[in-house]
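Let's take a walk through this structure together, one piece at a time. Keep the viewer open and follow along.

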Amino acid sequence: MFTVPDLAGRLAVVTGASDGVGLAIATRLAAAGAEVIMPVRNRGKGETAIAKIRQQHPSATVSLRDLDLSSLDTVSALGDRLREEGRPIDFLINNAGVMQPPTRQTTADGFELQFGSNHLGHVALVAHLLPLLRAAKGRVTSQLSVAANSGSINWDDLNWERSYEPQRAYNQSKIAFGLFGLELERRSAAAGWGISSNISHPGISPTNLLAAQPGIGRPRDTIAVRAIRAMSRLGILVGTPETAALPALMAATSPDARGGRFYGPSGPGGLSGAPAEQTPYSRLRSESEAAEVWRISEKLAQVTFQG
């Protein structure tokens, strides 16, 4: 298993850290000595998460900021605040996500919820934090999903306005985000930004992505998440939030991890197991599609990457 190196004096920003895999990532970073900023949508959940971290690691330096990835205004506001604080960012782990609302929903800016939150919100966040990442020669790790290994980008209807299929829309959001993460590495190298960017996926573990979430129209846990929980308890094929956190931790903090690479569980089907570098999914290999995702994303998220 991967051991997080000493991170004393380093600053990490982790989205989606109020529970599940994100909380496990934040906990391990804090335990290694990093200062961890946890931008959250729900302050109550965030405070509970910080209490859990400090219970395990009383000397942890962790704090909350406000962020709703489904609102570009709040992404911009977080960027403004962190730039005002002026602390260079060593690690940005883009982990937050929403999965399969049963009916089509939109962000505050009118984008299909999964595409807008999982992809565009994070694109905007990276753009707003780029000066702080450059100052630290930091690393951006973008969390995907095994869902990025199937489906495609619905180029003719990115917002799923003509027809909506929850799984296909989720696949698209993760494929687009993976293409962006790899393109960020290429753009940084070409422009001399000095940051590195890679991508990771957690395999499968019992998180709240498919649990009951009335706010997105899911009143009860899905059959899938109940099965995943049972399999995780029995140690069959799937991991736990703690093991699922390891690929992103490796990608973000390992001295041996590199930009432009893909990290995930090494077990059967990439569902669980020790973290390791992997071959990028076929849907993530087109540089022309990555460049098009970049162009469209800058336009839709209303950002430019100027460093």
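Helix H9 in this predicted model has 15 residues, and from its first C-alpha to its last it reaches 20 Å, close to the 21 Å expected at 1.5 Å a residue. Its buried residues are Ala290, Val293, Trp294, Ile296, Ser297, Glu298 and Ala301. If you look for what covers them, you will find H3, H4 and helix H5 (166-191) included.

Now turn to H3, which spans residues 72-85. This helix has 14 residues and reaches 20 Å from first C-alpha to last, close to the 20 Å expected at 1.5 Å a residue. Which residues of H3 are buried? They are Leu72, Val75, Leu78, Gly79 and Leu82. Seen down the axis of H3, these buried residues fall within an arc of 120°, so they line one face of the helix. An α-helix has 3.6 residues a turn, so residues three or four places apart point the same way. On the other side of H3, you will see Asp73 and Glu84 exposed. The cover over the buried residues of H3 includes strand E2 (35-40), strand E3 (61-66), helix H4 (113-136) and helix H9 (287-301). Just after H3, glycine 86 takes a positive phi of about 80°.

Take leucine 184 as an example: leaving aside its neighbours within four places in sequence, leucine 184 is in contact with Val126, Val140, Trp193, Ile195, Ser197 and Trp294.

The aromatic rings deserve a look next. There are six aromatic pairs in the structure. In one of them, the ring centres of phenylalanine 180 and phenylalanine 305 are 5.9 Å apart and the planes are at 50°, so the pair is tilted. This pair links distant parts of the chain, with phenylalanine 180 in helix H5 and phenylalanine 305 in the segment after H9, 125 residues apart. Are these two residues buried or exposed? Phenylalanine 180 counts as buried at 1% relative accessibility, and phenylalanine 305 counts as buried at 10%. Phenylalanine 305 also forms a tilted pair with tryptophan 294, at 4.5 Å centre to centre and 40° between the planes. Tryptophan 294 lies in helix H9 and phenylalanine 305 in the segment after H9, so this pair ties together parts that are eleven residues apart in sequence. Step back and you can trace a cluster in which ring pairs link Phe177, Phe180, Trp193, Trp294 and Phe305.

Our last stop is asparagine 118, which sits in helix H4. Asparagine 118 is buried, with a relative accessible area of 0%. Its side chain reaches the backbone nitrogen of valine 98 at 2.8 Å. Not counting residues up to four places away in sequence, asparagine 118 touches Ala96, Gly97, Val98, Leu113, Tyr170, Ser173, Lys174 and Phe177.

Terms used
Residues numbered from 1 in each chain as written. Predicted model: local features only at pLDDT ≥ 70, side-chain atom pairs only at ≥ 80, totals over all residues. Heavy atoms only, no water. Helix = DSSP H or I, 4+ residues; strand = E, 2+ residues; numbered from the N terminus. Expected span 1.5 Å × (residues − 1). Buried < 20%, exposed > 50% of the residue type's maximum accessible area, 1.4 Å probe, protein only. Arc of directions from axis to C-beta. Contact = heavy atoms within 4.5 Å. Polar contact = N/O pair within 3.5 Å; in protein donor to acceptor, adjacent residues only side chain to side chain. Phe/Tyr/Trp six-rings, centres within 6.5 Å; stacked < 30°, edge-to-face > 60°.
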